[in-house]
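Please look over the model below before reading the comments. They are set out as numbered points and can be checked against the coordinates.

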Amino acid sequence: MIKFIGIIIVFFLSSLIAQAQVEFEEITADDFKNTEFSDIDSAVIGRFNKALVDLEESLRMKDPYGYYVGIKISQINMATKKGEMSENHVWRNSVMQQTLDFSKSQNFEKFGFDVRPNCVNDKPGIFVYAEGLAAELVSNNPIQYLTEVQNFTHFSRKDGISYKYVVHIAAIALVEKPDNGSIMTDVFYYDKDGEKQLWDMSFGAVMPKIAYTRVGPGNHITNTKKDVNMVRSPDRGRVVIADFFNPGYYMPVIKFRGCVQEFTEYDTYKDYSVVLRLEKNVLSWSNVKVFADGTVVPQSTLKTEALRAGDLNSYYSKGNTIIITVRDPGTFDKVSGQTVVLKPKYSPANFSTKELITEDGECVFEEIESGIYEIYVQGQEKHAEIVEVCNCPQKDETFNNTYLGTIFYYPTYRVIAEYKNPELFTAMIKWENITIGFPDDIASMPPIIEQPADGSDVDMYDLEPPFTIKLPFGLFSFYSNMPEKDEEGVVIKTDIHNENFTDCDIDGGSFVIKKNKREGDFVFAMLEFNVDLSNDNGSEFLLIPVVAGAVSGNSPYAFKWNKLDDDIVDKLRQGKPASKTLTNNSGATMTVTFEPQNK
């Protein structure tokens with residue numbers, strides 16, 4: 001390495017050293033007035049700092065993989081007209097510290113390619129420091145390195161003698177090119193017994209996508225993290241990403257079935273790292289580049305190496321476990337006896353769905369392959385939750401991991417209203433898919449649904465009970481879902497008991513469980529529909545508005561049911577059937593039955 005440092009010094013400083021023996025014109029008073037710094041040490045420290053700052057700014061998104069800094073100070077005694085290298089060393093400690101700070105900011109301490117930094121700091125007027133792959137800086141292709149140069153003169157007097165200092169500062173970094181490196185690796189997964197297996201078709205025809213992302217050298221500003229979106233599917237477990245990478249440290253990212261495993265934390269997954277260096281560079285002195293200042297650089301073509309990396313042991317696996325707890329959304333109690341459905345979100349998978357019945361509110365799915373799954377109570381797919389069986393190292397997960405999930409059982413009912421008036425008619429109406437939910441304390445107000453920020457109305461038809469909304473005439477709490485506007489009750493039976501009527505038409509109809517202070521501040525069930533009785537010749541006609549709930553007035557057709565019975569509430573919480581028979585002032589009866597639909 002020392003001989004390469006020597007080459008760098010020759011290439012970049014030889015012509016500058018030669019300039020130490022020029023320019024002996026007389027110094028005037030204006031020369032001292034125009035001097036930027038008070039002394040040569042301050043000048044060197046300040047200009048060196050500017051070179052590093054400028055270099056760091058130019059490194060944005062450039063992927064540095066080596067750097068070199070150099071200082072050369074020549075001193076001219078204007079009385080003797082003699083030039084020599086300056087022997088003042090006061091500036092050295094500060095320059096060295098600035099260099100180490102730059103190195104740390106670009107993470108060369110961690111990502112230094114196992115190359116010890118080389119420093120020349122014991123020669124008069126000379127300071128050289130190289131780190132990373134800077135020893136390979138012998139290309140005449142300027143796109144392969146960035147250079148920041150600070151050249152200046154400084155004038156001062158010492159012991160009555162005038163001195164002129166000629167200072168040359170260079171800060172150079174290798175960046176971006178060459179980007180023709182390649183990585184090849186074999187990809188593995190873990191079977192249900194925890195044994196490592198070369199990736200094969202047992203996971204299905206869709207293979208994982210592999211990427212290698214650059215983690216250093218450089219920081220979050222200067223390192224592009226290139227290749228984070230570069231993907232290749234393995235061929236029988238082997239993946240090759242060719243002619244793409246520049247020198248640096250790379251960590252794998254593996255995508256499969258919607259999951260992303262990132263082994264990008266270098267300190268944790270160092271064994272997964274791939275370090276790409278430059279191929280050994282051969283200098284050809286038969287073909288050289290001569291610069292205007294006299295610097296001679298041998299022709300050279302840099303190339304990033306191709307590397308056969310170690311095995312890529314993904315955490316994707318076939319022996320994962322999912323433990324699901326089913327709870328009531330209002331009380332948060334566990335719910336037993338429900339069929340839980342596990343459905344893969346991405347295909348191909350080794351099953352379309354799996355079903356288990358909860359015991360003590362839980363069920364356990366075993367030997368589950370990595371992937372993303374939907375989990376829900378049978379018949380309630382719209383309430384599905386996502387379980388990410390992704391074995392993600394960034395989440396401190398490993399292969400054949402255990403995952404916990406909670407889903408809610410929303411009791412869904414078929415509500416049937418059977419109306420019997422022995423003097424007029426009998427009718428039966430039903431409402432399907434009524435979701436019912438109560439808070440733990442039924443006297444407490446359910447969560448208030450705020451109006452959308454855009455000022456639009458709350459879509460009550462898409463909310464899950466229980467909830468509270470603010471309407472112009474007060475707060476209303478709902479304990480069943482609002483049926484869609486076009487979802488009316490369905491008539492399933494009508495019988496006419498009066499010879500004066502031949503036709504019975506029932507239209508409209510709605511059902512909801514709600515509460516508001518204006519109607520008594522009790523939870524009650526409200527259902528209503530209209531009945532039209534008529535005969536063939538139109539001589540007889542009767543409109544009966546049937547209403548059941550917290551109603552006021554003395555309508556003979558109204559069924560007063562001001563408060564939902566406590567035993568009915570308890571049964572509905574548990575998803576059990578329940579019923580209530582009501583009587584109105586006309587002698588008619590109304591039996592309201594709640595039939596669980598997803599038992």
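1. Basis. This is a predicted model, in which local features need pLDDT of at least 70 and side-chain atom pairs count only at pLDDT 80 or more, while totals for chains, interfaces and linings use all residues. Residues are numbered from 1 along each chain as its sequence is written, and side-chain values use heavy atoms, with hydrogens and water left out.

2. Overall make-up. The protein has 5 helices and 35 strands; both are DSSP runs numbered from the N terminus, helices being H or I of at least four residues and strands E of at least two. Of its 599 residues, 49% count as buried. Buried means under 20% relative accessible area, exposed over 50%, and partly exposed in between, with a 1.4 Å probe and protein chains only. The accessible surface of the protein comes to about 28,700 Å², and 47% of that belongs to carbon and sulfur atoms; the areas come from the Shrake-Rupley method with a 1.4 Å probe, and for residues only the protein chains shown count as cover. Among contacts between residues at least 6 apart in sequence, 68% join residues at least 24 apart, where contact means heavy atoms within 4.5 Å.

3. The open sheet. In what order do the 4 strands of the open sheet lie? The order is E20-E19-E22-E23, with antiparallel pairing; two strands pair if DSSP finds at least two bridges between them. Strand E20 (354–357) and strand E23 (385–389) are the edges, each pairing on one side only. From one strand to the next the twist averages 25 degrees, the axes being lines fitted to C-alpha atoms and the angles running from 0 to 180 degrees between N-to-C directions. Inside the sheet, strand E19 (residues 339–344) and strand E22 (residues 371–377) are joined by 5 bridges. Pro344 stands opposite Tyr373 in E22.

4. Tyr376. This residue is placed in strand E22. Tyr376 counts as buried because its relative accessibility is 8%. Leaving aside residues up to four places away in sequence, Tyr376 touches Thr339, Val340, Val341, Lys343, Glu381, Ala384 and Ile407. Tyr376 and Thr406 are 30 residues apart in sequence, with 9.5 Å between their C-alpha atoms.

5. Strand E17. Is this strand enclosed or exposed? Since 6 of the 6 residues of E17 are buried, the strand is largely enclosed by the rest of the structure. Leu312, Ser314 and Tyr316 lie on one side and Asn313, Tyr315 and Ser317 on the other, and both faces are covered. In a regular strand the side chains alternate between the two faces of the sheet. Strand E7 (residues 181–190) runs parallel to E17 and is joined to it by 3 bridges. Phe188 stands opposite Asn313 in E17.

6. Aromatic pairs. The structure holds 34 aromatic pairs. Rings of Phe, Tyr and Trp (its six-membered ring) pair if their centres lie within 6.5 Å; planes under 30 degrees apart count as stacked, over 60 as edge-to-face and the rest as tilted. Phe263 and Tyr315 are edge-to-face because their planes stand at 85 degrees, with ring centres 5.1 Å apart. Phe263 is in the loop between strand E12 (259–262) and strand E13 (274–276), Tyr315 is in strand E17 (residues 312–317), and the two are 52 residues apart, so that the pair links distant parts of the chain. Both Phe263 and Tyr315 are buried. Tyr269 and Tyr272 are likewise edge-to-face, at 5.9 Å centre to centre and 85 degrees between the planes. Tyr269 counts as buried at 12% relative accessibility, and Tyr272 counts as buried at 15%. One aromatic cluster is formed by Tyr190, Phe263, Tyr269, Tyr272, Tyr315 and Phe399.

7. Charges over rings. Lys196 lies over the face of Phe188, 4.7 Å from the ring centre. The charged end of Lys354 sits over the ring of Phe351, 4.9 Å from its centre. The criterion is NZ of Lys or CZ of Arg within 6 Å of the ring centre and within 35 degrees of the ring normal.

8. The E34–E35 hairpin. Strand E34 (residues 578–583) and strand E35 (residues 589–596) pair in the antiparallel sense over 6 bridges. The hairpin has 5 residues between the strands, and Gly587 takes a positive phi near 90 degrees. Thr581 lies in strand E34, and its bridge partner in E35 is Thr591. At 53% relative accessibility, Thr581 counts as exposed.
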